Amino acid sequence: MINAKITGVGRYIPEKVYDNAYMESIVDTNDEWITRRTGIKERHISEDDEYTTDMATIASRNAIENAGITADDIDLILLGTVTPDYFTPACACVVQANLGASRAAAFDYNAACSGFVTGLTIARQFIQAGTYKHILVVCADTLSKATDYKDRATCVLFGDSAGAAIVSASEETGIIATDIGADGTSGMAITSLAYRNDDEETEKRVSHKKDTIWMAGQTVMKFAVKAMADASHKVIKEAGLTWDEIALVVPHQANYRIVDSAIKRMGIEQDKVFLNLEWYGNTSASCIPVSLSQAVEQGRIKKGDKIVLVGFGGGLTWGAALIEW
Ligand code: UT7
């Protein structure tokens, strides 16, 4: 059996920062509310002329270098986003051109904040089938461009970033188990409209701009806690492991209270969880690969460690992956 293993990671985080004092200056909110209800202090925001593919290209270059391969080695580019530069060409094709990865097939997919684990799951299939040797999974979102900065319930949450990983064919153990899923019946809990004219949805937005994000926060919170805990349990069980054997959990971070409730449900201590939400906010699918690259850099992950990556988001979707580093 050929294994699919993460052999390199990379990230890009824009420089501009909106801190809680700035949020106080644009909507009726305060640092105390934001900190207590979400755990967020700062979010990084792309420049007006800085787009998803710009950020994805930088994160991808870092991951390629980290993996010790070249752009020419890449067979497939999978790009997860909910804020594409264009509907067509796909962001993955723009990144392919930027990287000069001319041999690579390329397409976008949308699993919202569950995007990285979904990308790993797709990549693993192509690697294990023997189709491809090196796959770039890159997740990038400029959520700030879809944020309703008149809606205090959502605008304090979102930030921008890009995270990437190279998944390669390997004799070493890599991705051990994955679980992805969706509950489309709850899909309208997080919306951002494209071509569809839906007056009712548009009216829900404080700004009445249909392409901004609207969210039923409480519904998503309840879904997230259960989905993250259940999916994590499932991959650990499938691998025949116990929580004691897991070195680190890298969760999607949308709200500290969600992560805290989920880890209580998992029955693990916070020192086993990688957290950076305070400085970035909810950065959609890029949250997990950005965290992974920081965890590696900070020495929180060592070779042979077993790690759970787990996310949830729009769709509503969820996904967990158990990997060996
Ligand atoms: O990545 C996946 C997508 N996103 C998420 O996972 C987010 C999931 N949801 C959440 O994180 C939380 O639901 C929120 C942070 C969005 C909201 O927290 P909450 O504890 O669910 O608050 P709430 O919506 O029940 O609102 C409580 C109160 C309300 O006031 P009243 O009606 O009690 O007077 C809100 O109007 O807090 C008010 N409120 C605010 N107050 C100050 C809402 N946003 C703010 C704000 N500042 N920014």
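**Around the ligand**

User: How far is an oxygen atom of the ligand from an N or O atom in the side chain of N255?
Analyst: This is a predicted model, in which local features need pLDDT of at least 70, side-chain atom pairs count only at pLDDT 80 or more, and totals for chains, interfaces and linings use all residues. Residues are numbered from 1 along each chain as its sequence is written, and side-chain values use heavy atoms, without hydrogens and water. For N255, the side-chain N or O atom and the ligand oxygen form a pair that can be judged as a polar contact (N or O atoms within 3.5 Å). Their separation is 2.7 Å.

User: What share of the ligand's exposed area does the protein bury?
Analyst: Start with the ligand taken alone, which exposes 950 Å² (Shrake-Rupley method, 1.4 Å probe). Of that area, the protein buries 74%.

User: Which element gives the most to the shell around the ligand?
Analyst: There are 23 residues around the ligand (a heavy atom within 4 Å), and T29, R152, Q218, N255 and N282 come nearest. Helices here are DSSP runs (H or I, at least four residues), numbered from the N terminus; those giving two or more shell residues are α2, α6, α8 and α9. The top contributor, with 4 residues, is α8.

How values were computed
Polar contact = N/O pair within 3.5 Å; in protein donor to acceptor, adjacent residues only side chain to side chain.
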